[in-house]
Number of protein chains: 2
Amino acid sequence: MQRYFIKSNQINPSIITIKDSDVHHIKNVMRMRLGDEVLCTDEISTTYRCQIEAMDAIVRCRIMEQVVEHPEMRVKLTIAQGLISREKTEEVIRRLVELGAKAYIPVVMRRSKIQNDRINYDRYDKIIKEAAEQSQRNVLMQCHHAVAFDELKVLGTQYPTKLVADLGTNHSLKDLLPRETAAILVVIGPEGGFDTAELDQLNKWGYQVVSLGNRTLRTETAPLFVASVCGYVYGDDDAN
Amino acid sequence: MQRYFIKSNQINPSIITIKDSDVHHIKNVMRMRLGDEVLCTDEISTTYRCQIEAMDAIVRCRIMEQVVEHPEMRVKLTIAQGLISREKTEEVIRRLVELGAKAYIPVVMRRSKIQNDRINYDRYDKIIKEAAEQSQRNVLMQCHHAVAFDELKVLGTQYPTKLVADLGTNHSLKDLLPRETAAILVVIGPEGGFDTAELDQLNKWGYQVVSLGNRTLRTETAPLFVASVCGYVYGDDDAN
């Protein structure tokens with residue numbers, strides 16, 4: 001069933017009002033009709049099964065029931081990545097949403113060839129919303145605005161497990177992922193990889209270097225590998 | 001170091017002759033010079049570190065030493081997937097090479113919207129070669145020509161573990177991946193998913209249904225998830 005993310009103020013006790021681009025999606029992309037059903041998820045991840053009652057400049061839906069779901073991964077995974085091109089960032093973001101990551105942080109690194117000031121975050125947010133609707137998540141992945149490299153120092157303090165993906169180590173995710181689910185931050189370099197000084201800094205700030213295997217992954221593949229492995233290792237909210 | 005895949009007949013005891021499009025790559029893409037070093041890998045995965053001695057219509061390289069490497073995943077993973085668009089197939093193939101899959105089999109399924117007769121396999125092979133060179137693999141992933149759905153019956157007999165990714169099950173990869181490394185075949189549907197009759201068939205042929213988690217993965221994300229998890233679970237050739 002098609003899902004739409006809404007705000008709590010779009011809900012009155014029994015009616016949800018869908019607005020803006022979602023109206024276009026319902027009418028012209030999905031070509032829905034009166035009586036069709038949709039899922040509506042609010043910002044605190046409550047999901048309602050609703051039936052369309054009226055369609056005009058807005059779509060009015062009647063709440064049929066609240067739905068219990070467990071689409072979220074049981075660990076808070078954040079990927080921080082050196083700035084890469086718009087196309088690659090969009091692909092990474094879209095797949096990370098599907099794979100269950102909680103947040104994505106673009107980081108200005110020495111070898112990033114991309115300008116920090118030309119990023120269209122609205123576009124990224126739109127991709128995140130679409131991917132969440134498609135993959136049936138009930139939380140929107142957060143995409144931070146790009147941060148300076150040095151901010152990884154303070155950011156890292158929020159994560160009991162903080163890793164940096166690089167080739168120069170024998171430690172794998174098997175060695176370094178914690179047994180208990182928690183918050184994990186994994187830093188991935190831009191296309192040219194990390195500068196040595198950056199690796200030294202991360203090390204000083206308590207990040208552990210992790211190898212993602214013997215093959216050289218492209219920068220846009222590495223986050224997908226990490227998120228997939230976390231999905232496997234920790235499972236989803238309802239897993240035993 | 002840049003790698004090139006060669007045939008044994010390009011090797012005489014101490015000299016390797018590089019030909020065709022690789023010459024263009026060395027001269028115009030990598031802008032290498034005499035004295036620069038490259039890796040050359042033959043079809044039985046022997047790799048040589050070589051030094052460029054002459055560049056013309058061919059590139060002549062002197063073998064410096066044989067190199068011992070362990071870039072391969074410790075399990076033979078084959079992904080069979082319902083035919084999807086060229087762009088998506090190219091992306092899947094490229095990432096599967098990086099992630100270590102051994103073979104990719106496009107399968108004609110009922111909900112495939114793509115024509116079997118318009119596939120440019122040369123282009124896929126080129127992508128596989130480039131991705132293998134970039135990711136430092138020493139085996140080229142095999143891309144089969146598209147097969148009819150019914151061929152999965154016989155194909156499946158070659159794999160002690162054969163799975164089909166679908167939502168209607170509680171069994172996860174954690175339950176179904178074998179402890180010992182072996183040959184694994186995972187079948188993934190096209191964009192519209194499997195037809196019920198196809199799932200019944202696969203079941204009859206001994207395929208086990210596996211869930212890839214509570215989120216709905218796009219067809220082009222599912223193979224990357226499976227390959228990443230196999231990389232994590234089984235590790236690489238040299239892993240203990």
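Predicted model: local features only at pLDDT ≥ 70, side-chain atom pairs only at ≥ 80, totals over all residues.
Chain A contains 7 helices and 13 strands. Its C-alpha trace extends over about 60 × 45 × 30 Å along the principal axes. Of the 240 residues in chain A, 53% are buried. Among contacts in chain A with a separation of 6 or more, 73% involve residues 24 or more positions apart. The accessible surface of chain A amounts to about 11,200 Å², and carbon and sulfur atoms account for 45% of that surface.

The contact between the two chains involves 33 residues from chain A and 34 residues from chain B. About 3,000 Å² is buried between chain B and chain A, with 49% of this area given by carbon and sulfur atoms. On the side of chain B, the greatest losses of area to chain A are those of Asn214(B), Arg215(B) and Tyr232(B), which together make up 27% of what that side buries.

Polar contacts between chain B and chain A number 30 residue pairs, counted where both residues have pLDDT 80 or more. Four helices of chain B, namely H2 (86-99), H3 (121-135), H5 (173-176) and H7 (222-234), each contribute at least two residues to the side that touches chain A. H7(B) provides the largest share of that side, with 7 residues. Classified by residue type, the side of chain B that touches chain A comprises 12 nonpolar, 10 polar and 12 charged residues.

Helix H7 of chain B includes Val233(B). The C-alpha atoms of Val233(B) and Ala132(B) are 21 Å apart, and the two residues are separated by 101 residues in sequence.

Side chains of opposite charge can pair when their charged atoms come close. Over all chains, 44 salt bridges are found, and 8 salt bridges cross the interface of chain B and chain A. Arg95(A) takes part in a salt bridge with Glu220(B), at an N to O distance of 3.7 Å. Arg95(A) also forms a salt bridge with Glu91(B), in which the closest N and O atoms are 3.0 Å apart. This second pair joins two chains, because Glu91(B) belongs to helix H2 of chain B and Arg95(A) to helix H2 of chain A. Glu91(B) counts as buried at 15% relative accessibility, and Arg95(A) likewise counts as buried at 4%.

Within chain B, Arg123(B) and Glu90(B) form a salt bridge with the closest N and O atoms 2.9 Å apart. Arg123(B) is partly exposed, with 32% relative accessibility, whereas Glu90(B) has a relative accessible area of 7% and is buried.

Within chain A, the side chains of Glu72(A) and Lys102(A) form a salt bridge at 3.3 Å, N to O. Glu72(A) is placed in the loop between strand S6 (59-67) and strand S7 (76-82), and Lys102(A) in the loop between helix H2 (86-99) and strand S8 (103-108) of chain A; the pair therefore ties together parts that are 30 residues apart in sequence. Glu72(A) and Lys102(A) are both buried.

Definitions and conventions. Residues numbered from 1 in each chain as written. Chains lettered and ligands numbered in written order. Heavy atoms only, no water. Contact = heavy atoms within 4.5 Å. Buried area = accessible area lost by both parts, 1.4 Å probe. Salt bridge = Lys/Arg side-chain N within 4 Å of Asp/Glu carboxyl O. Polar contact = N/O pair within 3.5 Å; in protein donor to acceptor, adjacent residues only side chain to side chain. Nonpolar A, V, L, I, M, F, W, Y, C, P; charged D, E, K, R; others polar. Buried < 20%, exposed > 50% of the residue type's maximum accessible area, 1.4 Å probe, protein only. Areas by Shrake-Rupley, 256 points an atom, 1.4 Å probe, with all protein chains shown as cover.
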